[in-house]
Amino acid sequence: MRRDAALEVSTEVCASPDVVWALLSDLSRMGEWSPECTGVRWRGGAPGARPGTRFSGRNRKGLWRWSTKCTVVAALPGRELAWTVSFFGFSVAYWGYRLQPVSGGGTVITEQWRDLRTVPLFHWGPVIKLITGITDRVGTNESNMRVTLDRLKAAAER
């Protein structure tokens, strides 16, 4: 995998940006939508999607379970939510959502992922692939992002 890998996946939702924001900004619900993230636990301070707030992301792939440390880097109500992810002190990824209103009261949600791994962590790639069975992180993330957005769409349109 290229270390500069990045993805964006979008879907249109029949719900306002405020409705979508209310769902997304409650990061503790991420486990309901993501096929890999099973939940979020807030770390220190008051919980909430504000720049600087931190949380642990719990994840699962097959039998392997792991936790990451995350920091919210953007939280603009109704417009954008993003965080960075680290694992064992190494930067791993940037995850974010952009919300764009569309005519008729809907929203285009764009989920973004960017690989932030540097060479030292990148060398762990073969070990991570062996443990998790993920041989194509970009392809896996794209598939997971589509599932996440489909589930988020269903929740927003209820």
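Guide: Let us start with Glu 32, which is partly exposed, at a relative accessible area of 44%. Please keep in mind as we go that this is a predicted model. The partner of Glu 32 is Arg 29: the two form a salt bridge in which the closest N and O atoms are 2.9 Å apart. Arg 29 is partly exposed too, with a relative accessibility of 25%.

That pair is one of four salt bridges found in a search of the whole structure. Another joins the side chains of Glu 8 and Arg 98, with an N to O distance of 3.1 Å. This pair ties together distant parts of the chain, since Glu 8 sits in strand β1 (residues 6-13) and Arg 98 in strand β6 (residues 90-102), 90 residues apart. Arg 98 has a relative accessibility of 33%, so it counts as partly exposed.

Now move along to helix α5, where Arg 146 and Glu 142 are to be found. Their side chains meet in a salt bridge, 2.9 Å from N to O. Because the two residues are four places apart in this helix, which covers residues 137-156, about one helical turn separates them. Arg 146 is partly exposed at 42% relative accessible area, and Glu 142 is partly exposed at 30%.

From there, let us turn to the inside. The largest nonpolar core has 36 residues. Those with the most contacts inside this core are Val 20, Leu 24, Leu 27, Met 30, Leu 81, Trp 83 and Ile 109. Take Met 30 as an example: leaving out residues up to four places away in sequence, Met 30 touches Leu 24, Cys 37, Val 40, Trp 83 and Tyr 97.

A polar atom of the Thr 107 side chain lies 2.6 Å from the backbone oxygen of Ala 15. Ala 15 is also among the residues in contact with Thr 107 once neighbours within four places in sequence are set aside. That list includes Thr 11, Glu 12, Val 13, Ser 16, Pro 17 and Val 20, as well as Leu 99, Gln 100, Pro 101 and Val 102.

Technical notes
Residues are numbered from 1 along each chain as its sequence is written. This is a predicted model: local features need pLDDT of at least 70, side-chain atom pairs count only at pLDDT 80 or more; totals for chains, interfaces and linings use all residues. Side-chain values use heavy atoms; hydrogens and water are left out. A nonpolar core is a set of buried Ala, Val, Leu, Ile, Met, Phe, Trp, Tyr and Cys residues joined through side-chain atoms within 4.5 Å. Buried means under 20% relative accessible area, exposed over 50%, partly exposed in between (1.4 Å probe, protein chains only). Contact means heavy atoms within 4.5 Å. A polar contact is a pair of N or O atoms within 3.5 Å; within protein, one must be able to donate a hydrogen and the other to accept it, and residues adjacent in sequence count only if both atoms are side-chain atoms.
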